[in-house]
Amino acid sequence: MDTAALTKYRMYINGQWVEATTGGYFHSDNPYTGKPWAMIPLGTAADVDHAVQAASAAFTSGEWPRLTATKRGALLRRLGDLVTEKSKMLAEIEVRDNGKLYAEMSAQTAYMAQWYYYYGGLADKIEGQVIPSDKADTFNYTRHEPLGVIAAIIPWNSPLLLMAWKLAPALAAGNTVVIKPSEYTSASALEFMKLVEQAGFPPGVVNVVTGFGPDVGAPLVEHPLVAKVAFTGSDATGQKIYEAAARGLKRVSMELGGKSPNIVFDDAHLENAVKGVISGIFAATGQTCIAGSRLLVQRGIHDAFVEKLVAFARSARMGDPMSMDTQVGPVTNLPQFEKILKYIDIAKEDGARPVLGGARATRPECGAGWFVEPTIFTGVKNSMRIAQEEVFGPVLSVIPFEDEEDAIAIGNDVVFGLAAGVWTQNMRRAFTMAERLQAGTVWVNTYRAVSYLSPFGGYKRSGIGRESGQEMIKEYLQTKSVWISTATEVPNPFIMR
Ligand code: ADP
C-alpha cells in the first residue's frame with residue numbers, strides 16, 4: 001500500500017506527541033470509499049504503561065491536584081469553547097473515519113461542547129456535608145474526592161461524544177484520564193487532544209493510546225494504577241472488561257448494547273410514529289446502542305402502519321455521507337458490514353419476511369462503500385435471533401402485539417434494557433408504559449433525545465451506572481469521612497468511641 005498519501009497521526013502521552021514504542025502503525029479506512037485514509041500508531045502494553053504512569057504522576061503531583069475546582073472548571077469551559085470553534089473540523093474527521101452523516105455529526109460535535117460547559121460548571125459545586133455528631137467534642141464531615149486514573153474505552157459509533165460523556169465529568173471531579181479510542185475511529189480523539197493541549201490542561205492529565213482491544217484496551221483495564229474503567233461498547237467486550245476489572249477490584253461504569261422496543265399503539269399519531277420509528281432505526285444507519293430495532297405494532301394497525309413505514313423508508317437517500325442531502329450513510333467498518341448481512345441471512349432462515357431491503361446496497365451512489373439497504377422484516381417472533389440480538393445496523397424487526405400487557409411482556413422480553421419508545425395519545429397509557437418498561441430511558445412520542453442534563457444508561461445487560469446529569473459525577477468520586485476531635489484529652493483507648 002502507498003502510505004505516503006495517508007494522514008499520519010501520533011499518540012498523546014504526558015503532553016507529548018509520540019509514536020508507538022514499537023514504531024508500528026495500522027491504517028484507518030474511510031467507509032464511503034472502503035479505502036485507508038490515515039495511519040494510526042499501533043500501541044501496546046508498553047505505551048499503556050507510559051500513559052498510565054504519566055496520568056498517575058499528574059494525579060498526585062504537579063499542577064493538577066493543586067488547582068482549585070473553580071480553575072478546573074475554567075479549563076473545561078475553555079475546552080468547550082475550543083470544541084465550539086472547531087466543531088466542523090471535528091465532524092469532518094468523524095465522517096471520514098466512521099461514515100456517519102455530516103448533517104448529524106456537525107450537529108453532534110457542536111452540541112458536545114455542552115458536556116464540557118456543564119461539567120465545567122459543576123466542578124466547584126461538589127459539596128461535602130457536615131454530619132451531625134453523636135459523639136461529644138467531635139466534628140465529622142465528608143469530602144468527595146477523585147478516584148485517580150480513569151481508563152476511558154470508547155467505541156466507534158459516536159467517538160467524540162461518547163468520549164465527552166466520560167472525559168468531562170472525570171476531569172471535573174479531579175481525576176486524570178487515559179483514553180483508548182476504537183481501532184476503527186482513533187483519528188478524532190487524537191485531533192481532539194490538540195484542543196486539550198491548547199486549553200492548557202497540564203501534561204499527563206489527559207492521554208490517548210491507540211491500538212487494538214487486546215493489545216491496548218486489555219492492559220489498560222488490568223494496569224494496577226487504573227482506579228476505574230468507563231466503557232461504552234458491546235456487551236460481550238463489556239463482560240470481559242468487567243471480569244478483568246473485578247480481578248483488580250476496580251470500579252466500572254458501562255454502557256452496553258440494546259434491543260430497544262419502539263411501541264406503536266393504535267391510538268398514536270401515526271405520521272409522527274412513522275418518523276419516530278424511522279429515526280430510531282435508520283438514522284445513523286442503525287449504528288446506535290439506542291436503536292429502536294424492534295417495532296412493536298398493535299395488531300389492528302399492523303398492515304397499514306407497515307405500508308406507511310415501507311413507503312417512507314424506501315425513499316431514504318443513500319450515498320456520500322458528506323452531502324447534506326444523504327439520509328442513510330455507509331456502515332462504519334467491514335466486519336460490522338459483514339455482521340449485518342449475516343444477521344439478515346439468519347432472519348430469513350428463521351422465517352422472517354423482508355418487506356424492504358434485505359441486502360447490500362448496490363445503488364450507483366453507494367459506490368464501493370459498505371452500504372446496507374434499509375431493511376424491514378415482518379413475521380418476526382420475539383424469540384428469533386433477529387429480535388433478541390443486537391445487529392447494530394439498519395435492520396428493523398416488526399412484531400405485532402394485542403394490548404398493553406402484551407406490549408410490556410414482549411418489550412421487556414430481551415436481556416437488554418437501554419431504551420424504549422412509546423407512541424400513544426392516551427396519557428394514562430403513556431405513564432403506565434413509562435413505569436413498566438425495563439429501560440434506562442423511555443421516550444413517549446419522541447425517540448433518540450439525549451442531553452447533558454439527563455442521566456443515561458442501561459437496565460439489565462445494557463449497563464452499569466449512568467452518564468450525564470448531576471448525579472453521575474459521583475461515578476468519578478469517592479467519599480471520605482473526616483473525624484476531628486476537639487477534646488482536650490483522649491479517653492480510654494481500649495473502648496471504641
Ligand atoms: P466492536 O466489536 O463493535 O468494535 P467493542 O465493544 O469490542 O465493539 O469495542 C469497544 C471498545 O472496546 C474499542 O475501543 C475496543 O478496542 C475495546 N476493546 C475490545 N476488546 C477489549 C478488551 N478485551 N479489553 C479492553 N478493551 C477492549
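Helices here are DSSP runs of H or I with at least four residues and strands are runs of E with at least two, both numbered from the N terminus. I note at the outset that this is a predicted model, in which local features need pLDDT of at least 70 and side-chain atom pairs count only at pLDDT 80 or more, while totals for chains, interfaces and linings use all residues. Residues are numbered from 1 along each chain as its sequence is written, and side-chain values use heavy atoms, with hydrogens and water left out.

**Entry 1: Trp 165**

I looked up Trp 165 and found it in helix H4, residues 159-172. Trp 165 counts as buried because its relative accessibility is 4%, where buried means under 20% relative accessible area, exposed over 50% and partly exposed in between, with a 1.4 Å probe and protein chains only. Setting aside neighbours within four places in sequence, I listed its contacts (heavy atoms within 4.5 Å), among them Trp 115, Glu 255, Phe 456 and Met 472. I also checked Tyr 119, which is 46 residues from Trp 165 in sequence and 9.7 Å from it in space, C-alpha to C-alpha.

**Entry 2: the ligand**

I then turned to the ligand, which 15 residues surround, the closest being Ile 154, Lys 180, Glu 183, Ser 234 and Thr 237; a residue counts here if one of its heavy atoms lies within 4 Å. The side chain of Lys 180 has an N or O atom 2.8 Å from an oxygen atom of the ligand, and a backbone N or O atom of Ser 234 is 2.7 Å from a ligand oxygen atom. For Ala 218, I noted a backbone N or O atom 3.4 Å from a nitrogen atom of the ligand. Of the 550 Å² of accessible area that the ligand has on its own, the protein covers 81%, by the Shrake-Rupley method with a 1.4 Å probe.

**Entry 3: helix H6**

In helix H6 (residues 213-222) I found Val 216, Gly 217, Pro 219, Leu 220 and Val 221 buried. The buried residues of H6 pack against helices H1 (45-60) and H7 (235-247) and against strands S8 (149-153), S9 (176-180) and S11 (226-232).

**Entry 4: the open sheet**

Last, I traced an open sheet of 7 strands, ordered S15-S16-S17-S14-S13-S19-S20 with mixed pairing, where two strands pair if DSSP finds at least two bridges between them. Its edge strands, S15 (353-356) and S20 (441-444), each pair on one side only. Strands S13 (residues 261-264) and S14 (residues 294-298) pair in the parallel sense over 4 bridges, and Val 264 has Val 297 in S14 as its bridge partner.

Technical notes. A polar contact is a pair of N or O atoms within 3.5 Å; within protein, one must be able to donate a hydrogen and the other to accept it, and residues adjacent in sequence count only if both atoms are side-chain atoms.
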